[in-house]
Amino acid sequence: MNRKSESKKQSPLVWHLATTCSAVFLGFVLTVRMCSGRLAGGESSWALGLAELSSVGIALACLLLSLLYWLASRRNRRRELESYLLQVFLEHIPDNVFFKDRRSRFVRVSHSMAQRFNMPCPAAMVGKTDFDFFSDEHADQAFADEQRILSTGEALTGIEEKETWPDGREAWVLTTKVPLRDRGGRMIGTMGIARDITDRKQAEVRICHMALHDELTGLPNRALLHDRLVQAIALATRNCKRVGLLMLDLDHFKSINDSLGHYVGDAVLQEVARRLTASLRESDTVARIGGDEFVIAIPLAGSSEEIQQAAERVQLTLNRPFRIEGHEVHIGVSIGICEYPADGEQPDILLQNADSAMYQAKNAGRGACLAFSAEMTEATRRRQKMLHDLRHALARGEFSLNYQPLVCTTTGVITGVEALLRWHHPELGSIPPSQFIPQLEELGLMADVGRWVLNTACSQNAEWQRQGIPPVRMAVNLSAQQFSRGDLVGIVESILQETGLDAKWLDLELTESLTMDESEVTIAAMRNLKSLGVSLSLDDFGTGWSSLSYLRRFQFDRIKIDRSFMRDLASQPAAETVVRSIINLGHNLGLTCIAEGVETRQQLDYLQKQMCPEIQGYLCSPAVPADRCAEILRTRSFPLPAPHHHHNDEAEDAMRGVPLAPMTT
Ligand SMILES: [Mg+2]
């Protein structure tokens with residue numbers, strides 16, 4: 001093909017040379033003929049010379065003319081080709097190519113550009129400017145750029161421009177603009193090429209959004225929160241203001257997830273995000289930094305009261321019930337508050353301190369809202385150390401059991417004891433169960449510790465019986481993990497065998513959240529436990545979602561009324577109603593009710609009036625070590641006042657909160 005095209009290219013030259021040669025040859029033949037005629041006629045030789053000279057002259061002139069002609073046609077063809085290439089380029093290039101004059105008017109554009117600008121053809125754009133197509137702001141910017149190119153002669157390469165169209169549509173282009181010069185080197189305008197990169201830009205924005213936001217709620221994540229805090233701190237410093245930080249942790253969220261499923265849990269989180277955003281100012285940042293942990297940053301807060309008020313608004317909005325998928329869900333929130341600069345000057349420190357405050361708020365009872373104080377740092381350090389050491393506590397023998405008596409409300413006779421786990425840390429001292437038991441669950445250690453508790457409690461009870469102490473029921477708390485991991489029924493059976501304790505002296509306490517799981521495995525496990533001869537109690541009743549069907553289905557023997565109702569008994573009429581209903585429910589279903597957390601004579605009076613059969617609490621005795629409990633058990637009973645006894649108010653007040661004999665230390 002190359003050879004073919006080359007031969008085609010050379011053919012005009014060959015043709016010219018051939019023409020020239022023919023002319024020379026023709027001239028030469030004519031000359032020879034003429035000369036031979038003349039010679040024969042006896043003409044002089046100068047005529048011959050002249051004829052020869054003229055034929056050579058004609059030949060040279062022909063040669064020159066044909067060369068000039070060939071050169072001119074070659075140049076024309078090159079120009080035609082160049083023009084053709086430019087035209088094809090402008091017709092087919094998908095990018096926007098443009099030439100503009102010194103006043104930024106289009107001189108020539110590519111077809112794709114005309115199409116993009118909704119013009120019928122490229123020629124229709126000639127004479128128009130960016131102002132005819134874009135918003136003034138964008139056109140101004142483009143015009144300024146082009147004027148700069150014209151004044152400096154320097155190109156602008158690879159700039160990312162955001163185009164705003166009159167209909168509000170936005171697009172991104174990657175543009176290169178260079179000066180346009182004439183043959184003499186004078187600048188006569190600009191030319192450029194722009195590629196639409198809107199898709200890429202949108203993808204970048206999406207990726208950037210994903211990197212900085214929580215996928216489920218669309219709220220800023222920890223990374224973006226950190227940035228916003230840095231900005232807020234800088235702004236507050238300049239304006240001598242504060243930055244408020246609220247650390248939120250939803251109460252009972254885990255139970256919602258466990259009982260109603262993750263779908264409902266996720267919907268709750270989304271609704272929480274929506275409510276939080278709606279309840280705050282636009283300048284505030286709401287971020288989600290963990291499962292059910294939210295952080296609110298309040299920049300430019302004027303006072304601590306303002307931050308406190310924001311926290312109260314948040315509590316109000318989250319205390320309203322959530323209606324999701326036909327469920328009415330109640331959640332509360334515990335809030336830790338701290339502020340810049342009083343409680344820290346760095347985002348990390350502020351977050352850490354807000355977390356400490358939140359943790360303390362949770363400890364103070366759910367639904368609390370606590371401001372950070374310096375002592376909390378120590379509490380956080382303790383907590384971290386505690387978590388670290390908890391893994392080894394069982395192996396190091398740091399756990400022990402205390403026992404709290406359960407007492408009959410009519411006779412005062414001790415009917416049973418509940419084994420309660422205690423942890424004595426060698427450095428930190430006694431750690432409250434509320435602080436380490438949830439952590440044991442979280443670390444997955446509850447199955448092992450639970451087995452140890454069961455074994456220790458059963459052998460202690462058997463030991464008391466061997467010592468001749470009147471036999472009592474031993475109540476042991478079971479955790480959900482003990483149900484889900486390992487063979488609980490087999491474990492209970494072997495422990496009873498090993499310790500020689502009769503099954504009727506063992507009572508297993510289950511919490512409501514555990515029984516919410518109505519799986520066949522749980523139901524079968526509970527049936528098998530019952531068949532061993534042990535009794536079952538439903539612990540902390542009234543705090544969860546138990547219904548009558550659960551009570552029947554799981555064949556409980558007892559219900560323990562949650563201590564929170566006792567606390568509210570004096571102050572909240574609703575608590576009284578709940579307690580009365582639970583006791584009636586127990587009577588109707590043939591279940592024994594046990595009131596937990598009974599601390600005052602008044603509470604006991606009320607429970608006796610309602611015929612609640614058993615109580616447990618400080619009024620009788622706190623949980624005590626085994627040897628002390630043995631002494632109490634030997635006395636068999638506590639002296640309780642007779643039911644329906646009317647007290648003198650003053651005497652009653654004086655006795656309120658005073659534990660009954662036998663006194664415990
Ligand atoms: Mg219990």
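How close do the axes of helix 11 and helix 12 come, and at what angle do they cross?

## Helix 11 against helix 12

In this predicted model, the axes of helix 11 (residues 375-393) and helix 12 (residues 433-443) come within 10 Å. They cross at roughly 60 degrees. The crossing of helix 11 past helix 12 is right-handed.

Helix 11 brings Met386, Leu387, Leu390 and Arg391 to the contact. Helix 12 brings Gln435, Phe436, Gln439, Leu440 and Leu443. By class, this contact has 6 nonpolar, 2 polar and 1 charged residues.

## The chain overall

The chain has 665 residues, and 31% of them count as buried. Its secondary structure comes to 23 helices and 21 strands. Take the contacts with a separation of 6 or more: 61% of them are between residues 24 or more positions apart.

Inside the order, strand 6 (residues 242-250) pairs with strand 8 (residues 293-301). The two run antiparallel and share 7 bridges. One of the residues in this pairing is Gly244, whose bridge partner in strand 8 is Ile298.

## Helices on the sheet

## Strand 1 and its two partners

Strand 1 (residues 96-101) pairs with strand 5 (residues 187-196) in the antiparallel sense, over 6 bridges. Strand 1 also runs antiparallel to strand 2 (residues 106-109), joined by 3 bridges. Which residues pair with Phe98? In strand 5, the bridge partner of Phe98 is Gly192. In strand 2, Phe98 stands opposite Val109.

Strand 1 and strand 2 form a hairpin, with 4 residues between them. Ser104 lies in the turn and has a positive phi of about 60 degrees. In a regular strand, side chains alternate between the two faces of the sheet.

## Helix 7 against helix 8

Helix 7 (residues 253-260) and helix 8 (residues 262-279) have axes that come within 6 Å. These axes cross at roughly 140 degrees. On helix 7, the contact is made by Ile256, Asn257 and Leu260. On helix 8, it is made by His262, Val264, Gly265 and Val268. What classes of residue make up this contact? There are 4 nonpolar and 3 polar residues, and no charged ones.

## Helix 17 and the residue after it

Helix 17 (residues 520-532) has 13 residues. From its first C-alpha to its last, helix 17 reaches 18 Å. That is close to the 18 Å expected at 1.5 Å a residue. Just after helix 17 comes Gly533, which takes a positive phi of about 105 degrees.

Conventions. Residues numbered from 1 in each chain as written. Predicted model: local features only at pLDDT ≥ 70, side-chain atom pairs only at ≥ 80, totals over all residues. Expected span 1.5 Å × (residues − 1). Pairing = 2+ DSSP bridges. Axes fitted to C-alpha atoms, helices over the stretch in contact; angles between N-to-C directions. Contact = placed C-beta atoms within 7 Å. Nonpolar A, V, L, I, M, F, W, Y, C, P; charged D, E, K, R; others polar. Left-handed = near helix turned anticlockwise from the far one by under 90°. Buried ≥ 20, exposed ≤ 12 C-beta atoms within 10 Å, placed from the backbone.
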